[in-house]
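Me: I have a structure here and would like to understand the words used to describe it. Could you walk me through them?

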Amino acid sequence: MEGFLPPIHAAAWTAVAVPFLVVGARRVVTLTREQPQTRLLLASAGAFAFVLSALKIPSVTGSCSHPTGTGLGAILFGPSVMAVLGAIVLLFQALLLAHGGLTTLGANIVAMAVVGPWVAYGVFRLTRSLGGALTIAVFLAAMLGDLATYLMTSIQLALAFPDPTSGILGALTKFGGVFALTQIPLAVIEGLLTVIVVNLLTQYSRDDLDALAFAHGGAK
């Protein structure tokens, strides 16, 4: 939430997020210029992330638990695009919903818009390369991408607030344990919802999917 991280940590995570935003912005520009027909699908992926991540459950860690919704965009467009879409989602939520904050925006971008999407994309590609069914690949990608976001958030909190006795590792265990109570079932639900959305897209937006790398690595 706003002001929760020490200033030096907030600044450091912002610096980490900037390169991913630059690369992601270039990718979005290239994608919309070369494949303009995918703009609506791109906006839909952002809206999906906005709606799911707005469903928050307060947590005693000073953060909150919620689905992230970034796995869908990651497997459709690649993880770099989600750095930009996720940043937009987080910015709007901070300004309009008092969810997150401006000082913690960089840390939230790294967790939800960078780490989560990259894990989701990697899991999706690995599962498909091993012969896994599309639905299994999508489910695992969305679920593990969600959990990776909260593992990263736990790391960020542990670095900022190490346990006086057990240090960073002890704090990581405590923060991760608190998040796990709500995040594991939320991650499973997000995986199922993402599967439903992808199944609908394969039925009604096949032309758009065929224009993306997702179709070559997944739907076909």
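Reply: Happy to! A helix here is a DSSP run of H or I with at least four residues, numbered from the N terminus. This is a predicted model, and Gln93 is found in helix 4.

Me: Why is Gln93 called buried?

Reply: Buried means under 20% relative accessible area. Gln93 has 1%, so the word applies.

Me: How do you know that the length of helix 1 is close to what is expected?

Reply: The expectation takes 1.5 Å for one less than the number of residues. For the 28 residues of helix 1 (7–34) that gives 40 Å, and the helix reaches 40 Å from its first C-alpha to its last. There is still a bend of about 25° at Ala17, with Pro19 following within four residues.

Me: What covers the buried residues of helix 1?

Reply: The cover includes helix 2 (39–53), helix 3 (70–77), helix 4 (79–96), helix 5 (105–129) and helix 6 (134–160). Among the buried residues are Trp13, Ala17 and Val28.

Me: Which residues touch the most other members of the largest nonpolar core?

Reply: Of its 27 residues, those are Leu41, Leu42, Leu76, Phe77, Phe124 and Val138. A second, separate core has 24 residues, including Phe175 and Phe179.

Conventions:
Residues numbered from 1 in each chain as written. Predicted model: local features only at pLDDT ≥ 70, side-chain atom pairs only at ≥ 80, totals over all residues. Heavy atoms only, no water. Helix = DSSP H or I, 4+ residues; strand = E, 2+ residues; numbered from the N terminus. Bend = angle between axes of the 7 residues up to and from the residue. Buried < 20%, exposed > 50% of the residue type's maximum accessible area, 1.4 Å probe, protein only. Contact = heavy atoms within 4.5 Å. Core = buried A, V, L, I, M, F, W, Y, C linked by side-chain atoms within 4.5 Å.
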